[in-house]
Amino acid sequence: MSRLKVSAERDSRAGFRSEKTDCGNSVPQGLLKAARKSGQLNLSGRNLSEVPQCVWRINVDIPEEANQNLSFGATERWWEQTDLTKLIISNNKLQSLTDDLRLLPALTILDIHDNQLTSLPSAIRELENLQKLNVSHNKLEILPKEITNLRNLKGLYLQHNELTSIPEGFEQLFSLEDLDLSNNRLTAVPASFSSLSSLLRLNLSSNRLKSLPAEISRMKRLKHLDCNSNLLETVPSELAGMDSLELLYLRRNKLRFLPEFSSCRLLKELHVGENQIEMLGAEHLKHLNSILVLDLKDNKLKSVPDEIILLQSLERLDLSNNDISSLPYTLGNLRLKFLALEGNPLRTIRREIINKGTQEVLKYLRSKIKDDGPSQNDCITETAMTLPSESIVNVHAIITLKILEYSDKQTTLIPDEVFDAVKNNIITSINFSKNQLCEVPKRIVELKDMVSDVNLSFNKLSFISLDLCLLQKLTFLDLRNNFLNSLPEEMELLIRLQMINLSFNRKKTTKKAINKKSPCLFFV
């Protein structure tokens, strides 16, 4: 079936007619002639209040030059010219589009941004070849349900409209890779969005969202998620399981806490500035192996954890306008290109050093790192007279978070009641950091069948006992800031180990003991 016959069948008026009608001077004949050859027509910025009929009927009507008894060369046979595949009518004064849109079934790109459209015609469903639709910067309040028929659509740009909801069946756009819904009036995101399995980029910024559906984590290809400038008080914990995510924007919300990014190992940029976040812990940082940019400005942070040193790829860190009074000296060992500290009540760094810029601050912090060995009095055996000043076990953390924590107590032994508190609960993480431990607690072996994460950093360990080597499910081991010279050969039994941090130990600390077949990441 010929191109002209197909278009004619879609035309309610049928038959061919001269292009001269309904075109006037709004569209030069030269543009139309060129469009027949290239398949592309650009009518942007022409002050159009409506689309001329000659545009809709460019694939239907006989061109004006054909009526002038001209002889057509092989390259100018109008009946053999290309169907229109790209139509740009942006930056005009269009208030509506007619159903004549159906006369352009070959369109793959339709760009009508920056007009005054309040709706789209239902005939849009017939543009089955459409791959890119730009209707941004209009006045759309609703989307026609027929838009869900565009199964080949890859890019849909709806930013800067007045949308309050998304039509049912939106998940049928299974080819969609780029979706921009920013600067609308959306109050909710349908859970069915999770079926947009091809989506790579989702922009939901500048709406009125108070929450995100947990199902959003099912978008297994999503790389870029922008939720800036909403009303989010929390983000679903499932967000931490999006292992393809590379860019996450959560600025200007009402967040007080962050999720643990347990699976976001590809995350390169995390923007959470201008929120109400009060705490940044090791659990928020330890899995961010690829992070390059961390934006925490304008929050309520009072401290930065020592675990910041785990972010070995970090290049830009913005801590400005918080309530931070001191910084961990280990921050100086990061290869930062940019560090913002202004607006904090820092007491440990002179203002003149901060004013000299990032590299001077890092140099100062490095100069404060001490690598003193353990003294003879460091490892005094604890007795009933030297019990820790605080022996309270965090039972809530055991039950709800599956964490056995007894950190920052400056104790040389972990009390038995800490291990006793586990009872029949499942424990996946152990945190005994910031103590004075001279050896790995022997009772740690009781948890060998469940623990995957052990933090023994900032202690006085000079050797690793075989008890630790029996934790068969261990995947993350933090031993930094101890006094280790070597690792036992038995550590090759830890076949699931993915990361071990040995920073700030003795210079001879080696990784030869680890099984070479294990894809283990070292920080030495």
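Guide: The model is predicted.

Visitor: How many residues apart are K434 and D306?
Guide: K434 sits in the loop between strand 15 (429-431) and strand 16 (453-455). D306 sits in the loop between strand 11 (293-295) and strand 12 (316-318). The pair links distant parts of the chain, and the separation is 128 residues.

Visitor: Which helix holds D416, the partner of R443?
Guide: R443 and D416 form a salt bridge, with the closest N and O atoms 3.4 Å apart. R443 lies in the loop between strand 15 and strand 16, 27 residues from D416. D416 belongs to helix 8 (residues 416-420).

Visitor: Is D449 buried or exposed?
Guide: D449 forms a salt bridge with K448, the closest N and O atoms being 3.5 Å apart. K448 is partly exposed, at 32%. D449 has a relative accessible area of 53%; the cut-off is over 50%, so D449 is exposed.

Visitor: How many salt bridges does a search of the whole structure find?
Guide: The whole-structure search gives 17.

Visitor: How many disulfides are found?
Guide: A disulfide needs two cysteine sulfur atoms within 2.5 Å. C264 is buried at 0% relative accessible area, and C469 is buried at 1%. The search of the whole structure returns a disulfide count of zero.

Methods
Residues numbered from 1 in each chain as written. Predicted model: local features only at pLDDT ≥ 70, side-chain atom pairs only at ≥ 80, totals over all residues. Heavy atoms only, no water. Buried < 20%, exposed > 50% of the residue type's maximum accessible area, 1.4 Å probe, protein only. Salt bridge = Lys/Arg side-chain N within 4 Å of Asp/Glu carboxyl O. Helix = DSSP H or I, 4+ residues; strand = E, 2+ residues; numbered from the N terminus.
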